[in-house]
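Let's take a walk through this structure together.

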Amino acid sequence: MSELTQVQKHKIFGGWQKVYSHNSTELGCTMKFAVYLPPQAEKSSVPVIYWLSGLTCTEANFSEKAGAQKYAAEHGVILVIPDTSPRGLNIPGENDSYDFGSGAGFYVDATCEPWKKNYRMYSYITKELPALINKEFPTLPNKQSIMGHSMGGHGALICALKNPGQFKTVSAFAPISNPIQCPWGKKAFSGYLGESEANDAWKEWDATELMKNYNGPLLDILIDQGKDDQFLKQGQLLPENLLKAAKDNGISLVLRFHDNYDHSYYFIATFIEDHFEHHIKYLKD
């Protein structure tokens, strides 16, 4: 287990917003993550919510823009906010575009060269990072859930659907819901997983496809989507496909559309309290 190095520390809502770095064995590089420790964590172990961010983001965006610490402090939960990809590997092409490579790991385990050695964000999020968090912080390991935005909404959904029971619930803001059917997903999956859209490997990382076959413990899913989201209009998100798959499989999924809201953190900050209330129902039972 790698050692943590604290790189930031800020007092907020009675708790501590911190940033740590560590050497990741899954990703083969130094990674940073943000963690909010509520005041309750000074006295006892508490639940954990993982937040996965979207394209171009780092561990900083959510912790600095969403105002989530207020609700984490009220409910007594730790927030863990990882980066969105490996960094500084000097892989040819890793910094050529915003939607592939650095800042765009898509939370999959790549199977194609030159990405497969390091671009293993799925295993990092579902295995290495939780083990590290549970070792270093006062967590309740059986009380964890996951949420995210855009690419991170995709990541949160697939992490929950591929690991029945690991996360008590899942929610998302404007997730990339059906990546095998949208330009962002096709580009990322072609590079990380191979060119063929007919390849069943693509379906293993697509929330809509996973939803069709999910048969694990009860999942209650909340998704918020702004109607003025430019990426919704461009066909990148496709939330209706996910909703149909959930309905066909008898899975509880609430998809809420909001007039005038876009893809930004202004949208996230507006509705983040609702997502905490959704998660707390399952983390505090």
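A disulfide is a pair of cysteine sulfur atoms within 2.5 Å. Keep that cut-off in mind as you look at this predicted model, which holds 0 disulfides. Take Cys 159: the nearest cysteine sulfur belongs to Cys 57 and is 16 Å away. Cys 159 also counts as buried, at 0% relative accessibility. Now hop over to Cys 182. Its closest cysteine sulfur is again in Cys 57, 17 Å off, so a bond is out of reach. Cys 182 is buried too, with a relative accessible area of 1%.

So much for sulfur; on to charge. Side chains of opposite charge can pair when their charged atoms come close. Here you'll find 14 salt bridges. One of them joins Glu 113 and Lys 116, with the closest N and O atoms 3.8 Å apart. Glu 113 is exposed at 58%, while Lys 116 is partly exposed at 38%.

Another pair, Lys 281 and Asp 220, has its closest N and O atoms 3.9 Å apart. Asp 220 is buried, with a relative accessible area of 14%.

Strand S8 also supplies Asp 224, which pairs with Arg 256 of strand S9, so parts 32 residues apart in sequence are tied together. Arg 256 is partly exposed at 26%, but Asp 224 is buried at 0%. Finally, look for Glu 26, Asp 109 and Arg 120, which salt bridges with shared partners join into one network.

How values were computed. Residues numbered from 1 in each chain as written. Predicted model: local features only at pLDDT ≥ 70, side-chain atom pairs only at ≥ 80, totals over all residues. Heavy atoms only, no water. Buried < 20%, exposed > 50% of the residue type's maximum accessible area, 1.4 Å probe, protein only. Salt bridge = Lys/Arg side-chain N within 4 Å of Asp/Glu carboxyl O. Helix = DSSP H or I, 4+ residues; strand = E, 2+ residues; numbered from the N terminus.
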